[in-house]
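This report describes a chain as a whole, then one of its helices, and then a pair of helices in contact.

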Amino acid sequence: MRKLAEGSPDSLGPRHPISVVAERTGLSRDVLRVWERRYHVVEPTRTPGGQRVYSDEQIHRFQLLAEATRHGRSIGSISDMSTAALAKLLAEDEAARPAPASASGSTSTTSNVPAAVAESALARTLALDAPALDRELRRAIALHGLPLFLEEIVPTLMNRIGDEWMAQRLSIPHEHLASAVVLTILLQTLRTASEAPGAPKLLVATPAAEQHLVGAALIAASAALDGWSVLFLGANVPAVDLAIAARGVRAVGLSIVHAHDPSMTLREVRRLRLISPPLIPIIVGGAAAMRLRSELEQTGVVVCPDIARARMLLADF
């Protein structure tokens, strides 16, 4: 964005501190600063004392950007759009939204929550502020409940982090910080879940060479929420060890997010299926699992596109 020229019509209008912008847009100061610094969505002027100040036009632009992200748009995909183009896009998004459900058949009114929480959490991640990220995510649990957090908020956040990684707008420290904070919350959820006597047992892990644990922790925490007794073995577990641990469980859940060596991953899953008790179902999820879905299903496992579907499948076992 251009810096406003001294004496331009907009520069003569009101000037607002960042606290006013946060109040009018619903965005935190951290998000506003990250959007300015990393995405250059506006260029505020400064007072002689160095305080950022914003015009009505810039606040309006922030409002449009905030609403667009609540509709599921990533800030990286819309940051370069003009204000007029943003307004047009937002109008199209509003027109495409389904009509609100009646009181008798209420659908969720939280459809925009995952995107909004993810954007705010992403700002904390980009600032490398682990305590703020932890607070943001725990607040989301308190406000919106664990099912939405597990099924939509965490996957949306991790997808946004993946998008920013691919666009080279974040680095390894950012990804590691976010994963560590999310993983800590998920494992605490798993440990504190109440377990009914005689609850069915679910084995959860990632196969050999798969180090990404968040997906497995999501499966484990979701199953624990639904009353399963979860045997969580962590990351990078060879098929032979998984098969040993699978004796006496009701089902096995695997997460495959990266699969740097797809042929090895397929061999491990195939071997697990061959040496595990044949009646024990094996559910596999994760981004790489979806890419390898056809090959994985040929090994006799069930591939799940998301946590909601995994919970539905487990309810049938």
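## The chain as a whole

A residue is called buried when its relative accessible area is under 20%, exposed when over 50%, and partly exposed in between, with a 1.4 Å probe and protein chains only. By that criterion, 47% of the 317 residues of the chain count as buried. The chain has 15 helices and 7 strands, which are DSSP runs (helices H or I, at least four residues; strands E, at least two) numbered from the N terminus.

The model is predicted, so that local features need pLDDT of at least 70 and side-chain atom pairs count only at pLDDT 80 or more, whereas totals for chains, interfaces and linings use all residues. Residues are numbered from 1 along each chain as its sequence is written, and side-chain values use heavy atoms, with hydrogens and water left out.

## Helix α5

In helix α5 (residues 83-96), Leu86, Leu89, Leu90 and Asp93 are buried. Seen down the axis of α5, these buried residues fall within an arc of 100°, so they line one face of the helix; the arc is that of the directions from the helix axis to the C-beta atoms. On the other side of α5, Ala84, Lys88 and Ala95 are exposed.

## Helices α6 and α8

The axes of α6 (residues 113-126) and α8 (residues 146-166), which are lines fitted to C-alpha atoms over the stretch in contact, come within 9 Å and cross at roughly 50°. The contact (heavy atoms within 4.5 Å) is made by residues including Val117 and Leu122 of α6 and Ile153 and Leu157 of α8.

How values were computed. Axes are lines fitted to C-alpha atoms, for helices over the stretch in contact, and angles run from 0 to 180 degrees between N-to-C directions.
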